[in-house]
Amino acid sequence: MFDLVDSTIFFASYGNALGLANVSIGPFDIVLAYIAAIVVSIVVALALKIPLLPSKPYRYSFDVSAIYPTPIIAIGIFSIFLVLNYTFMYNGLVLAIIIGILSALFVKYLFDFVFPKPLNEDNGEDIDE
Amino acid sequence: MNEVIGIIIAAILCWLNFVIVDTYFGLPEQPGVRGAKIVGKNVEKRGGDIAGGYFQGNVLCSPDASAGTLLASIGYLLLGIPGGIIAAFFVFMGNRLCADPGYAGTCGSLTATLILFICCSFLGFAPEMFIVGMVIAILTIQGIDQVRASVVLGKIAEKFNRHARE
């Protein structure tokens, strides 16, 4: 009857009517596109001089690096496009590369603006007692 | 597969997944957010372990591998493997919004997606079993006996060399 998920996805995939989506994209193409998104995002992030690994005690992820947030953002956004059945040309490869480049640019230039670092522990009021 | 047996096995898998990932990324070592510190101190006051208390507080206050496993199961149920990856992405954003400086949530939901893919494609599980199993797994940590659960978590943290006192 009222199937929210299905009808939402169906509505969001109307872009297919323009012929931009690839109708027959198989599992191999999807895996290839994911790998392309990960590799491109890491390579572009390294080219933008983001360090490869996060700072050593792996506990403070607000310091961005090429391994941690960049591929996660890339494959997350690519998954959203994939679920909406909008994969563009060449079995999704072009879309994966574009998203990889854009996510690296986002991490380099916009990340601190969108997700500002939390205040220092000492600055807030102390509610410990 | 029989539903009850599937739920029990899924609960054990989920418990192992989120406890191992959370402990490895240092949840028992220090409170990532301020609420976790209060929970940990309170659990210690009632006779529990401070590391287990920090663990429980971190699980309670911000999206860590427990929330990651639950959301990945739900995403997998709705959308398949891309759903699990979208869940990881949203857990990452939730971590940022909670000002939680951890890696556990994102990594936990990615490993949970991997476990779900293996179990649902080859072993005949259903994603619903993992959702129920994860709720049961969180209940054993937070719901039944918080003090005794914190002692168990503290012992696991010592095994991983992640205890708060060291």
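The mean pLDDT of chain A in this predicted model is 76, and 71% of the residues of chain A reach 70 or more. Over residues 122-126 of chain A, pLDDT stays under 50, and the model has one contact beyond four places in sequence for this stretch. Where pLDDT is low, the predicted coordinates should not be read in detail.

**Chain A**

Chain A has four helices and zero strands, in the order α-α-α-α from the N terminus on. The table lists values for this chain as percentages.

| Property of chain A | Value |
|---|---|
| Residues with pLDDT of 70 or more | 71% |
| Buried residues, of 129 residues | 26% |
| Contacts between residues 24 or more positions apart, of those with a separation of 6 or more | 73% |

**Contact between the chains**

How many residues of chain B are in contact with chain A? There are 18 on chain B, and they are in contact with 19 residues of chain A. On the chain B side, helix H2 (34-45), helix H4 (65-79) and helix H5 (81-97) each supply at least two residues. H5(B) provides the largest share of that side, seven residues. By type, the residues of chain B that touch chain A divide into 13 nonpolar, three polar and two charged.

**Nonpolar core**

The largest nonpolar core has 74 residues. Those with the most contacts inside this core are A:Ala37, A:Phe78, B:Ala10, B:Cys14 and B:Ala88. Leaving aside neighbours within four places in sequence, B:Ala88 is in contact with A:Ile72 and A:Gly76 of chain A, and with B:Gly68, B:Ala72, B:Thr106, B:Ser109 and B:Leu110 of chain B.

**Helix pair in chain B**

Helix H3 (residues 50-61) and helix H8 (residues 146-159) of chain B pack with their axes 7 Å apart, at an angle of about 105°. Angles of 65 to 115 degrees count as roughly perpendicular, and H3(B) and H8(B) are therefore roughly perpendicular to each other. From H3(B), the residues in contact are B:Ala51, B:Gly52, B:Gly53, B:Phe55 and B:Gln56. In H8(B) they meet B:Gln146, B:Ala149, B:Ser150, B:Val151, B:Val152, B:Leu153, B:Gly154 and B:Ala157. The residues of this contact divide into seven nonpolar, six polar and no charged.

Key
Residues numbered from 1 in each chain as written. Chains lettered and ligands numbered in written order. Predicted model: local features only at pLDDT ≥ 70, side-chain atom pairs only at ≥ 80, totals over all residues. Axes fitted to C-alpha atoms, helices over the stretch in contact; angles between N-to-C directions. Parallel < 35°, antiparallel > 145°, perpendicular 65-115°, else oblique. Contact = placed C-beta atoms within 7 Å. Nonpolar A, V, L, I, M, F, W, Y, C, P; charged D, E, K, R; others polar. Core = buried A, V, L, I, M, F, W, Y, C linked by C-beta atoms within 7 Å. Buried ≥ 20, exposed ≤ 12 C-beta atoms within 10 Å, placed from the backbone. pLDDT = per-residue confidence, 0-100.
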